[in-house]
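Below are some questions and answers for a reader who is meeting this structure for the first time. Please look over the sequence and the structure before reading on.

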Amino acid sequence: MKAFIVERYGKKRGLRPAEMPHPDLRDDEVLVQVHAAGVNQLDSKIRDGEFKLILPYRLPLILGHDVAGVVVKVGARVQQFKPGDEVYARPDDFRIGTFAELVAVKEDSLAIKPDNITMEEAASIPLVGLTAWQALVEKARLGRGQKVFIQAGSGGVGTLAIQLAKHLGATVATTTSTANAALVKSLGADVVIDYKTQDFEKVLRDYDVVLNSQDGRTLDKSLRVLKRGGKLISISGPPDPDFGREIAAPGFVRLVMWLLSSGIRRKAQGLGIGYSFLFMKANGAQLRLITRLIEAGAIRPVIDKVFPFESTNEAMAYVDAGRARGKVVIKVR
Ligand SMILES: NC(=O)c1ccc[n+]([C@@H]2O[C@H](COP(=O)([O-])OP(=O)(O)OC[C@H]3O[C@@H](n4cnc5c(N)ncnc54)[C@H](OP(=O)(O)O)[C@@H]3O)[C@@H](O)[C@H]2O)c1
């Protein structure tokens, strides 16, 4: 089958188009014919070698963390899916590989695709949708009447997180540039801050939750918009010791995580704020709940651009530039 692979880690090295063997199908997995694959910053970070400590992959590696497609075969123990089903997923770490014609996905990580959106739209959802869900529902337990600050509202995570937070009944503040202000408002953002001309720290006060996706300076500033008892959840680092335990990282990696996060943890503790790092995980059950919200019209996909399969490197370069409005998707068939 045709696939795009990482042969050697390297800053901004391209993926190589290659002919690869079909994925091996385990008893608890479903073989999916890929129709569309979403592109994520995580793909670039893995390609560049930045995730070697957290996700020690063996090369060559087929990249790609989001899929929408059709079931072609199921493993011996699979019960919920059959050939012909239209599905979507964020495959598990170490079983990724959606920049390909076929991918094997664990049954527990898969869900039936929402029936009111296209394959390309469905492929844009899983990783960012699950990130928003795991941050706002699982970690923050965000609820009616609370205030949440979601950074970069026009990005892949931001566009989904704004809509989910509104569905949960929260007041949403977000940052974006002038060109994307109308987009984030249309998604439900109540307070829109142009990060090029305004300082969010001067505008926001007494927030319950911040979803941080930017740099260390923004993370520090975020502490000052939260109230005592508030929660600072970061998806852009630094990883904390709880995360190290969760992924059963070796001792020295956990020590590195402890050191990297000690500053922000100490400052947060001093202000009575909870700091946690989130690295999203595959989860078919949560994806099914997201499907319901999409079918009910509470969440809609936001797609910036669809690239043909042969332009996978161009699609990644577009995401790398950091200006995507919503998601970038590769049409595989
Ligand atoms: N830990 C996890 O599980 C996890 C999961 C998903 C993503 N992430 C990470 O979260 C980050 C965001 O991911 P993403 O997929 O949402 O990225 P993305 O879609 O590539 O983000 C692009 C968007 O960011 C906006 N932006 C850029 N600089 C900004 C700034 N200083 N302030 C506000 N907005 C800004 C841009 O808007 P303008 O063009 O208007 O500037 C653009 O719309 C990445 O670092 C990614 O790796 C982590």
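Q: Is Asp115 buried or exposed in this predicted model?
A: Asp115 has its place in the loop between β8 (110–112) and α2 (119–123). A residue counts as exposed when its relative accessible area is over 50%. Asp115 has a relative accessible area of 65%, and therefore the answer is exposed.

Q: How many Å apart in space are Asp115 and Ala249, C-alpha to C-alpha?
A: Along the sequence, 134 residues separate Asp115 and Ala249. In space, taken from C-alpha to C-alpha, the distance between Asp115 and Ala249 is 39 Å.

Q: Is Asn212 buried or exposed?
A: Asn212 belongs to strand β12 (residues 207–212), and its side chain is joined to that of Gln151 by a polar contact of 3.1 Å. A residue counts as buried when its relative accessible area is under 20%. The value for Asn212 is 0%, so this residue is buried.

Q: Which strands stand at the edges of the sheet?
A: The sheet is open and has six strands, which follow one another in the order β11-β10-β9-β12-β13-β14 with parallel pairing. An edge strand has a single partner, so one of its sides is left without a neighbour in the sheet, and this applies to β11 (191–194) and β14 (274–277).

Q: Which residue of β11 stands opposite Thr176?
A: The strands β10 and β11 run parallel and are joined by four bridges. Within this part of the structure, the residue of β11 that stands opposite Thr176 is Asp194.

Q: How many residues of the shell around the ligand are charged?
A: The ligand has 23 residues around it, and those that come nearest are Gln41, Ser177, Tyr195, Met280 and Ala324. At least two residues of the shell come from each of α1 (41–47), α3 (126–139), α4 (156–167) and β10 (171–176). By class, the shell holds nine nonpolar and twelve polar residues, while the number of charged residues is two.

Technical notes:
Residues numbered from 1 in each chain as written. Predicted model: local features only at pLDDT ≥ 70, side-chain atom pairs only at ≥ 80, totals over all residues. Heavy atoms only, no water. Near = heavy atom within 4 Å. Nonpolar A, V, L, I, M, F, W, Y, C, P; charged D, E, K, R; others polar. Pairing = 2+ DSSP bridges. Buried < 20%, exposed > 50% of the residue type's maximum accessible area, 1.4 Å probe, protein only. Polar contact = N/O pair within 3.5 Å; in protein donor to acceptor, adjacent residues only side chain to side chain.
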